[in-house]
Amino acid sequence: MDTQSYKTVSLKKEAVNKEWVVIDATGLALGRLASRVVLVLRGKTKPCFTPNVDCGDNVIVINAEKVALGGKKMTDRVYTRYTGYPGGQRFTTPKEILQKRPTELVRRAVKGMLPKSRLGSKMLGNLHIYAGPEHPHQAQNPKEIKLNEI
């Protein structure tokens with residue numbers, strides 16, 4: 001019996017094969033979109049997934065301004081941040097965020113699902129979000145994927 005075939009394979013960062021994928025966010029629920037994007041960013045859709053290595057693909061999300069939220073979440077959900085000064089607590093709704101910076105809503109959702117470490121920060125750098133249907137990454141020949149295929 002060959003015991004070498006039963007060894008666990010851990011990738012090194014030099015051996016990772018990164019691809020570019022495009023996801024169209026038109027009409028998709030924010031949380032479902034973010035969870036599928038995180039699967040691709042982390043590399044969990046690949047058979048060679050290694051948790052301590054950035055083995056995920058580069059993801060391009062287009063039409064981020066057309067993402068959907070169910071029910072009254074667009075006006076009732078509240079995002080809280082703190083400026084660091086006394087009385088500096090600020091509140092915003094998804095509707096206000098979409099008006100000011102349409103890509104911020106998707107970025108926040110994805111960031112919240114990634115690991116809170118240096119590796120998570122590096123994975124977030126592999127995410128490229130654009131409000132409209134155009135993106136400047138045509139030279140990378142990204143392949144378009146549907147969320148149901150992930």
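**Fold, surface and cysteines of the predicted chain**

The chain carries five helices and six strands, taken as DSSP runs numbered from the N terminus (H or I of at least four residues for helices, E of at least two for strands). Along the sequence these line up as β-α-β-α-β-β-α-α-α-β-β. This is a predicted model, where local features need pLDDT of at least 70 and side-chain atom pairs count only at pLDDT 80 or more, while totals for chains, interfaces and linings use all residues. Residues are numbered from 1 along each chain as its sequence is written, and side-chain values use heavy atoms, with hydrogens and water left out.

As for overall layout, the C-alpha atoms fill a box of roughly 65 × 40 × 30 Å along the principal axes. Of contacts (heavy atoms within 4.5 Å) between residues at least 6 apart in sequence, 68% join residues at least 24 apart.

Of the 150 residues, 39% are buried, meaning under 20% relative accessible area, with exposed over 50% and partly exposed in between (1.4 Å probe, protein chains only). The chain exposes about 9700 Å², 51% of it from carbon and sulfur atoms; areas come from the Shrake-Rupley method with a 1.4 Å probe.

On to the cysteines: a search of the whole structure turns up zero disulfides, a disulfide being a pair of cysteine sulfur atoms within 2.5 Å. Cysteine 48 is in none, and its nearest cysteine sulfur, that of cysteine 55, sits 5.9 Å away. That separation is too far for a bond. Cysteine 48 is partly exposed at 34% relative accessible area, whereas cysteine 55 is buried at 1%.
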